[in-house]
Amino acid sequence: MAAAALTLAGLVTMPAAAQPAGAPPAPEFAAPEPPDGAPDDSPGSAEAGRAAAASRGPTVGLDNPGWAVFTDRAGTRVDYPSNIFTVELGPARRGAGVELGSADGRARLMVYVEPNAENHSPARFVRSNLRVPANAIDYRRITDRFFAVSGIAEDDTFYSRCNFPARAAGPMHCIYIAYPRSEERAWDAIVTRISLSLRAPRN
């Protein structure tokens, strides 16, 4: 399969095979801190930001997301909407990976690998590390192989998922997505496909 034009910090993207959307999103983990240089979150600033966002229309690329396969040297593999996430923002703010953003700054995606030094199960990891208030979480799913959490942070919906190795020892392969809360319905199938496509090397 030929590599796509987009190559990110040693991470390869390839065109994805057509794949139908799956079940509703399986949400996951705690939201990272806002990026450096984020707008002031004072009430007046937040109100102005909401008004500006409403006037801009939907996130760039949302009407035609396009799909590619994102892989990294750690063996993470995930489908992602390459027409939406067109900007490399820099290293992921968790673990080792990369953060991508939409051209208008309204949505972002992190793909990263995070160590699990204490060999926590997914349930124990969530109990020990979840920092989002309970009332901000609207979906939580935990199995013996992954955890997923989604919820609301101000005007954004966030979705986070980490897949664990077959054995407890080894790193977690994770995604984190944030997008405007007002666009939740339009993002449902996109988040579902990203989540269900996340794969890590067999070990």
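A charge sits over a ring if NZ of Lys or CZ of Arg is within 6 Å of the ring centre and within 35 degrees of the ring normal. Arg193 does that on Trp67, over the face, at 4.3 Å from the ring centre. The charged end of Arg161 sits over the ring of Phe146, 3.7 Å from its centre.

Ground rules. This is a predicted model: local features need pLDDT of at least 70, side-chain atom pairs count only at pLDDT 80 or more, and totals for chains, interfaces and linings use all residues. Residues are numbered from 1 along each chain as its sequence is written, and side-chain values use heavy atoms, with hydrogens and water left out.

Now the ring pairs. Rings of Phe, Tyr and Trp (its six-membered ring) pair with centres within 6.5 Å; planes under 30 degrees apart are stacked, over 60 edge-to-face, the rest tilted. How many aromatic pairs does the whole structure hold? The search finds 6. Take Phe85 and Trp187: centres 6.0 Å apart, planes at 50°, so the pair is tilted. Phe85 is in strand β5 and Trp187 in helix α3, 102 residues apart. Helices (H or I, at least four residues) and strands (E, at least two) are DSSP runs, numbered from the N terminus. Both Phe85 and Trp187 are buried, meaning under 20% relative accessible area with a 1.4 Å probe, protein chains only; exposed is over 50%, partly exposed in between. Ring pairs link Phe85, Tyr179 and Trp187 into a cluster.

Last, α2. Pro122, Phe125 and Val126 are buried there.
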